[in-house]
Amino acid sequence: MRFYAYICLLVALTVRGEVYYEEKFGDDSWESNWIYSEHPGKEFGKFVLSAGKFYNDVEKDKGIQTSQDARFYALSTKFPPFSNKDKPLVVQFSVKHEQNIDCGGGYVKIFDCKLEQKDMHGESPYEIMFGPDICGPGTKKVHVIFSYKGKNLLINKDIRCKDDVYTHLYTLIVKPDNTYEVLIDNEKVESGELEADWNFLPPKKIKDPEAKKPSDWEDRATIDDPEDTKPEDWDKPEHIPDPDATKPEDWDDEMDGEWEPPMIDNPDYKGEWKPKQIDNPNYKGPWIHPEIDNPEYSSDPELYLRKEICSLGFDLWQVKSGTIFDNILITDDPDHAKQVGEEVWRPQHEGEVKMKEAQDEEERKKRDEEAKSTSKDDDDDEDDEDEDEDINETDTADVPETGEEETENFNFGKD
Ligand SMILES: *[C@@H]1O[C@H](CO)[C@@H](O)[C@H](O)[C@H]1NC(C)=O
């Protein structure tokens with residue numbers, strides 16, 4: 001028994017993975033390790049070190065916070081290069097949108113060593129982009145983008161991100177068996193195979209271009225009944241002169257023209273005649289296009305592989321600032337990342353929720369007091385956001401400002 005425990009300990013020690021990069025933003029030292037982009041033509045905002053308005057531990061919970069509204073943010077750091085060959089890759093960090101974000105990114109980008117930090121911008125090639133993105137009620141998702149053969153490939157699944165004001169932990173795990181997991185707050189929210197969930201490769205099978213539906217293939221389930229014929233008395237006019245109408249007394253044929261009764265719908269009108277439908281005796285079911293192996297397809301057993309990882313950066317647009325990033329961890333050990341989440345993120349989250357609730361309670365009391373002492377004529381004037389004053393790109397204009405997801409259609413009244 002003791003021997004077994006010893007072996008376990010040994011295994012645990014040897015298996016304990018490597019931490020490639022870790023940043024807890026504990027003090028001001030980040031300022032010398034991170035570099036702001038000076039890419040021309042954009043107005044970049046500054047990050048400041050802060051635990052925010054509510055926290056568990058004012059020191060430990062410090063992270064870097066976006067501090068100016070309607071700005072781009074571009075900040076990056078470098079570390080010794082590594083490859084995830086034959087090993088898991090774990091990217092983890094926390095995001096707190098304590099400002100109640102309306103539109104802004106909360107993701108990181110992972111680069112190889114070629115990144116020119118002072119010129120980092122939206123088009124700088126990256127290896128992976130991962131994390132939450134919110135813009136209006138229509139975009140609330142977790143991006144997982146891999147660059148592959150010069151293209152940035154978005155995940156084919158929809159992963160919803162958190163949109164409250166608290167700190168949340170985002171974890172991406174990419175494994176050498178070409179599978180992945182996405183965790184939020186240490187819980188798996190998505191997982192699967194890289195090949196299935198991104199368009200890394202062309203499809204394995206395609207429709208056989210040689211195959212054609214035979215011209216005599218019957219795919220109509222029912223046909224007109226050949227026995228059925230149109231009744232002789234079927235055809236009636238759609239409208240008839242109103243039999244009850246009479247010529248008005250003061251009608252003057254000379255002046256008003258010849259009187260004609262108004263037309264009304266014909267109660268005997270039956271519409272277009274259609275023969276009865278019967279089952280098609282030759283029905284064969286829908287024709288299914290046969291598939292063949294796609295000659296363009298060739299598998300890639302190393303979809304997961306990033307040959308060189310060397311840098312991590314924030315390249316964001318934020319309308320309302322105030323987002324705090326913290327506890328960045330890049331490792332090959334998912335268990336270690338999970339443990340950090342439990343030890344660092346969980347108490348932070350629990351503590352800040354308590355503090356925020358206490359603050360809200362205070363506020364509520366204060367407002368009640370004020371309401372009592374003053375007349376309650378002047379109402380809330382909090383909503384003075386001018387959201388779309390500055391837009392990152394042209395096509396943000398179609399983001400709905402209110403209302404539900406894009407599934408909701410407007411119903412223009414029919415009459
Ligand atoms: C603008 O920024 C928002 C927030 O990150 C993002 O969702 C949106 O896709 C961006 N639009 C363009 C055109 O880049």
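**Close-up views of a predicted model**

**View 1. Tyr 126 and its contacts.** Beyond four places in sequence, Tyr 126 touches Lys 109, Ile 110, Phe 111, Ile 145, Ser 147 and Asn 152. The model shown here, as in every view below, is predicted. Tyr 126 sits in the loop between strand 8 and strand 9 (128-135). Is this residue buried or exposed? Tyr 126 has a relative accessible area of 8%, under the 20% cut-off, so Tyr 126 counts as buried.

**View 2. Lys 109 and the annotated binding site.** The UniProt record, an unreviewed entry, places the feature "binding site" at Tyr 107, Lys 109, Tyr 126, Asp 133 and Asp 315. These annotations may be inferred rather than shown by experiment. Lys 109 belongs to strand 8 (residues 108-111). Its relative accessibility is 4%, and therefore Lys 109 counts as buried. Which residues does Lys 109 contact, leaving aside neighbours within four places in sequence? They are Gly 122, Tyr 126, Ile 128, Met 129, Ser 311, Leu 312, Gly 313 and Asp 315. Two of these partners, Tyr 126 and Asp 315, also carry the "binding site" feature in the UniProt record.

**View 3. Tyr 36 and its surroundings.** Tyr 36 is part of strand 2 (residues 34-36). Its side chain reaches the backbone nitrogen of Phe 47 at 2.8 Å. Lys 46 lies over the face of Tyr 36, with 3.9 Å to the ring centre. How far apart are Tyr 36 and Gln 117 in sequence and in space? The two are 81 residues apart in sequence, yet their C-alpha atoms are 7.1 Å apart. Gln 117 is also one of the contacts of Tyr 36.

**View 4. The ring pair of Phe 47 and Phe 325.** Across the whole structure, a search finds 20 aromatic pairs. In one of them, the ring centres of Phe 47 and Phe 325 are 6.4 Å apart and the planes meet at 65 degrees, so the pair is edge-to-face. Phe 47 comes from strand 3 (residues 47-50) and Phe 325 from strand 22 (residues 323-331). The pair links distant parts of the chain, 278 residues apart. Phe 47 is buried, because its relative accessible area of 4% is under 20%. Phe 325 is buried too, with a relative accessible area of 0%.

**View 5. The ring pair of Tyr 180 and Trp 198.** This aromatic pair is edge-to-face, at 4.7 Å centre to centre and with 80 degrees between the planes. Tyr 180 lies in strand 13, while Trp 198 lies in the loop between helix 3 (194-197) and strand 15 (205-207), so the pair ties together parts 18 residues apart in sequence. Are Tyr 180 and Trp 198 buried or exposed? Both are buried.

**View 6. An aromatic cluster, and a charge over a ring.** Which residues do ring pairs link into a cluster? The members are Phe 25, Trp 30, Trp 34, Phe 47, Tyr 73, Phe 93, Phe 130, Tyr 170, Phe 314 and Phe 325. Elsewhere in the view, the charged end of Lys 42 sits over the ring of Phe 72, 4.6 Å from its centre.

**View 7. Glu 181 in strand 13.** Strand 13 spans residues 179-184 and includes Glu 181. What does the side chain of Glu 181 meet in a polar contact? The partner is the side chain of Lys 175, at 3.0 Å. Glu 181 has a relative accessible area of 17%, under the 20% cut-off, and therefore counts as buried. Contacts of Glu 181 beyond four places in sequence include Thr 171, Leu 172, Ile 173 and Lys 175. Lys 188, Glu 190 and Ser 191 are also among them.

**View 8. The whole chain, with its confidence.** The protein has five helices and 22 strands. Of its 415 residues, 39% count as buried. Among contacts between residues at least 6 apart in sequence, 74% join residues at least 24 apart. The average pLDDT is 89, and 87% of the residues score at least 70. Over residues 379-389, pLDDT stays under 50, and the model has six contacts beyond four places in sequence for this stretch. Residues 394-415 also have pLDDT below 50, with 15 contacts in the model beyond near neighbours in sequence.

Definitions and conventions:
Residues numbered from 1 in each chain as written. Heavy atoms only, no water. Helix = DSSP H or I, 4+ residues; strand = E, 2+ residues; numbered from the N terminus. Buried < 20%, exposed > 50% of the residue type's maximum accessible area, 1.4 Å probe, protein only. Polar contact = N/O pair within 3.5 Å; in protein donor to acceptor, adjacent residues only side chain to side chain. Contact = heavy atoms within 4.5 Å. Phe/Tyr/Trp six-rings, centres within 6.5 Å; stacked < 30°, edge-to-face > 60°. Lys NZ or Arg CZ within 6 Å of the ring centre and 35° of its normal. pLDDT = per-residue confidence, 0-100.
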